[in-house]
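Good morning, colleagues. Please turn to the sequence and the structure, which I shall now put on display.

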Amino acid sequence: IAAARLALTTLLQRKGRLLDAMSEGVATLRRHMKPEDETLLDQLADVNTQRANLFVQAQHAKIPAEQYFSQKAQLEVQAQELEKTISSRSAEFLAKSQPITLERVQQTIPKDSALIEYFRYRPFNPKARKEEDKFAPARYIAYVLKSTGEPQSIELGDAAEIDHLVHDWRKTLANGRNPSVAALARKLDEKIMRPVRKLLGETRSVLISPDGALNLIPFAALKDEHDRYLVERIALTYLSSGRDLLRFDSKIDSQQPATLLADVDFGKVGNKTKSVPSDRSVTHRRAGDYQGEFQPLPGTKAEAQAISKILPAATILTGQQASESKLKQLDRPHILHIATHGFFLSDLPDNIAKARGVSLMGSSQIDLPRKNNPLFNENPLLRSGLALANANRLESGEDDGVLTAMEAANLDLWGTQLVVLSACETGVGEVQNGQGVFGLRRALVIAGSESQVMSLWKVDDDGTKELMVDYYQRLLNSEGRSEAMRQTQLAMLASDNRNHPFYWASFIVSGDWKPMEKK
């Protein structure tokens, strides 16, 4: 018991710490804002916009490699200096915050709930003589903490085996016709959830903090030993760390009503008009097919109109008004809903990459070692984002129409109770063990949003509209943010045409799970 307490306490203090470091600094400055602090944040936002624009230009081969790396280095230095200053300015306030302890976290867990902390680690052998023998192959372990009692832990086994199962299951989930999805769901459940259920007992409300590749899967679509989906027996909420529970009681009021962005006019490419796809096209693009590939999404207009009937005070931005500059000008909207293309780029153009003296080998979203990843120093917050007005032309006022996750992190969403990214693969990104997913999900937490609804694979247009409308209706009926999604998923599971997890399991809710305050 003592070992489990020490290990879990260490996890709660350190897991996802990189995320908290920046978000806490920005949050502290915003709460104690002085004119000079506002200037600092504006300067950081401007530098990060320059970094994003530079990276997008590189994707389109619109800048020589030598110029790209020279400007990249200069901007990174500027960003680091500004971040250092922000940290020092907020240090006096952060020093007053209470320490993170297992007891404090436990007090925030509801009586009928449990926290599951997953951790991917490599066992250390202090007696090993050779450097290569000091660390054994990676493994997964799970810690369970309830509102009372001591923490419990259970070993889950070899990480490589589990990661491969995750990879295979994700591939089948993204294909609504793949017959092996159920078998893989059962196989993965046997590895990562059935052992944990023995510790949960009768608990039916679970707060999950994944690690490693587990960040990229919908636990609700796993199948238990009775061949039932987990969504049918457990209510799930996702956290970056159990430490997140400590900040959910710190409320900031929103300043604007709900804002919906949809039916984006991505602009023409030259004189060509893009054909309208029957569903949302694949948006996990490689660099070679990223240029001018954002096609119209007419179904998102109907989605926004349907949601606006549920949220009549909402502001709707469509066409050219659904722009990057309009999004950046928002001031703490109650709800932010964005229906557009999302993307996660996994490499750079060959002419840029070869200038670095390396050959591209591709990057994995699961766990590619640093020595095999020539892109490791390319910030993943630059490689994921959203397409907005005129993204195909890279011309949108003073912006380029492509909002990267790095730019999203500079939005002021402190007081925003819910951000919904009704787009493809907005919940994916680069996974770093112990730190979570580096992408849009992380950016929106840094920006201050209380909870986020994200997707884990490309989504069906009609099915997404159906899911979103039902979800908002349930939110309006004061259902919790996670429970509303669960009930929506159960309704789709019971239907005749949307019962495959491809349709209902793509979207996950992370962050605060409780009902939203009505505005």
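Let me begin with a term: a residue is called buried when its relative accessible area is under 20%. Please keep in mind that the model before us is predicted.

Is L199 buried or exposed? Its relative accessible area is 15%, and because the limit for buried is under 20%, L199 counts as buried. Leaving aside residues up to four places away in sequence, L199 touches V144, K146, Q152, S153 and I154. As for P151, 48 residues from L199 along the chain, the two C-alpha atoms are separated by 9.7 Å.

Next, I consider a pair of helices. The axes of α6, residues 159–173, and α7, residues 181–192, come within 9 Å and cross at roughly 150°. Because angles over 145 degrees count as roughly antiparallel, α6 is roughly antiparallel to α7. The crossing of α6 past α7 is left-handed. On the α6 side, the residues in contact include I162, L165, V166 and W169; on the α7 side, they include L184, A185, L188 and I192. By type, the residues of this contact comprise 10 nonpolar, one polar and four charged.

Finally, I come to the nonpolar cores. In soluble globular proteins, nonpolar side chains tend to be buried together. Which residues of the largest nonpolar core touch the most other members? They are I116, Y118, W169, I192, M193 and F219, in a core of 73 residues. Another core, of 50 residues, lies apart from it and has L41, L261, L330 and A389 among its members.

Methods: Residues are numbered from 1 along each chain as its sequence is written. This is a predicted model: local features need pLDDT of at least 70, side-chain atom pairs count only at pLDDT 80 or more; totals for chains, interfaces and linings use all residues. Side-chain values use heavy atoms; hydrogens and water are left out. Buried means under 20% relative accessible area, exposed over 50%, partly exposed in between (1.4 Å probe, protein chains only). Contact means heavy atoms within 4.5 Å. Axes are lines fitted to C-alpha atoms, for helices over the stretch in contact, and angles run from 0 to 180 degrees between N-to-C directions. Helices (H or I, at least four residues) and strands (E, at least two) are DSSP runs, numbered from the N terminus. Angles under 35 degrees count as roughly parallel, over 145 as roughly antiparallel, 65 to 115 as roughly perpendicular and the rest as oblique. A crossing is left-handed if the near helix is turned anticlockwise from the far one by less than a right angle, and right-handed if clockwise. Ala, Val, Leu, Ile, Met, Phe, Trp, Tyr, Cys and Pro count as nonpolar, Asp, Glu, Lys and Arg as charged, and the others, Gly among them, as polar. A nonpolar core is a set of buried Ala, Val, Leu, Ile, Met, Phe, Trp, Tyr and Cys residues joined through side-chain atoms within 4.5 Å.
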